[in-house]
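Here are a few notes to read alongside the structure. Take them one at a time, with the view open next to you.

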Amino acid sequence: MKREIYGAEHEAFRATVRAFLAKEVEPHYEQWEKDGVVSREAWLAAGRQGLLGITVPEEYGGGGSTDHRFGAVLTEEFARSGAAGFGVELHNDIIGPYLIALGTDEQKRRWLPGFCTGETVTAIAMTEPGAGSDLQALRTTAEDRGDHWLLNGSKTFISNGILADLVIVVARTKPEGGAKGMSLLVVERGMPGFERGRNLDKIGLKAQDTAELFFRDVRVPKENLLGELHGAFVHLMQNLPQERLCIAVGAIAAAEYLLETTLRHVKEREAFGRPLARLQHVRFELAEMATECAVTRTFVDRCIDAHDRGELDAVHAAMAKWWATELQKRVADRCLQLHGGYGYMTEYRVARAFTDGRVTTIFGGATEIMKEIIGRSLLA
């Protein structure tokens, strides 16, 4: 079915993204996987190509677009290329909205130009060793010391954690406040007491630097408070639908590409003297995956359109996120099976897709949390 959410300008942008991936990413990605981190030059190249800060106002060096569909195109193409470890979508669609919507004029002038050029790589630090999806269990604290906040605590599983020059940290600023006692503080590279732990050894997304972060008596200036004091929970809830939609967009794009590569494989690979594609079981497997992808694509596109009109709510974002990522997981498993022994070899894209995609049902809110959000809405 023809997709109807994109126009000529979006497809022109898609061509630009594909050219960038072919020149600046795909030739180097295997090395980044070995290094455990994407090169700084790649971030700068993305900035030069205009792929960073698409929605940042032009006065701060960004693209000035209010059309979220450009971000969806970028996410789709990175997912299809297998370059999911390059955290551009995290930078643009998850962290960018906090800086744009909550930053003061002074903060925007200070942080956004580098955000757009790739000189300032960003991260957001929510998860702690003892608190995953339960934000109210956070133990990182920020004590008001008059002209600064004294930040203490640790975070883990932080994407872009090694490269990040600017980290939005969720910290408890009012011990007795519960959900209403947390604030967002911006910690910058070089602040005394801000230390990075190891680059975590993951089963997939090897090129993405995912780190532990430690804050020991970090003096965070008062002017680095982002948004309202004690308002972090509300700010996070407002931005989570876009984050979850971004994950869903990448998930269905990855599933569709896996199906395409598997179709090619079963047409070429022979068993018992004939192509795999001539076996009824194989055709049934492909038929099921194609149908599931088509149905999921239709819903996710509807969510992209709703978000662009400012109408996407938390419940439908949760539906898109859990369904698309669980589909990605199933498709990756079934496509690997159809590749046989070759699917288990890391030189085949399906093998990397199998391990890279596994985390999508976990980060941004695990599937179980998404179902809880949906279930509560039905019984409210």
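1. Let's begin with His-230. With a relative accessibility of 23%, this histidine counts as partly exposed. Keep in mind as you look that the whole thing is a predicted model.

2. Where does His-230 sit? Look in the loop between β8 (225–226) and α7 (232–268). Its backbone deserves a glance too: His-230 is not a glycine, yet its phi is positive, at about 65°. For background, most residues other than glycine have a negative phi.

3. Phe-272 is another one to check, with a positive phi of about 55° although it is not a glycine either. You'll find Phe-272 in the loop between β9 (270–271) and β10 (274–275).

4. Is Phe-272 buried or exposed? Its relative accessibility comes to 81%, so Phe-272 counts as exposed. The cut-off for that label is over 50%.

5. On to the cysteines. How many disulfides does a search of the whole structure find? The count is 0. Cys-246, for one, is in no disulfide, and the nearest cysteine sulfur, that of Cys-303, is 13 Å away. Cys-303 is likewise in no disulfide, with the sulfur of Cys-246 as its nearest cysteine sulfur, 13 Å off.

6. Cys-246 has a relative accessible area of 11%, so it is buried. Cys-303 counts as buried as well, at 4% relative accessibility. The label applies under 20%.

Conventions: Residues are numbered from 1 along each chain as its sequence is written. This is a predicted model: local features need pLDDT of at least 70, side-chain atom pairs count only at pLDDT 80 or more; totals for chains, interfaces and linings use all residues. Side-chain values use heavy atoms; hydrogens and water are left out. A disulfide is a pair of cysteine sulfur atoms within 2.5 Å. Buried means under 20% relative accessible area, exposed over 50%, partly exposed in between (1.4 Å probe, protein chains only). Helices (H or I, at least four residues) and strands (E, at least two) are DSSP runs, numbered from the N terminus.
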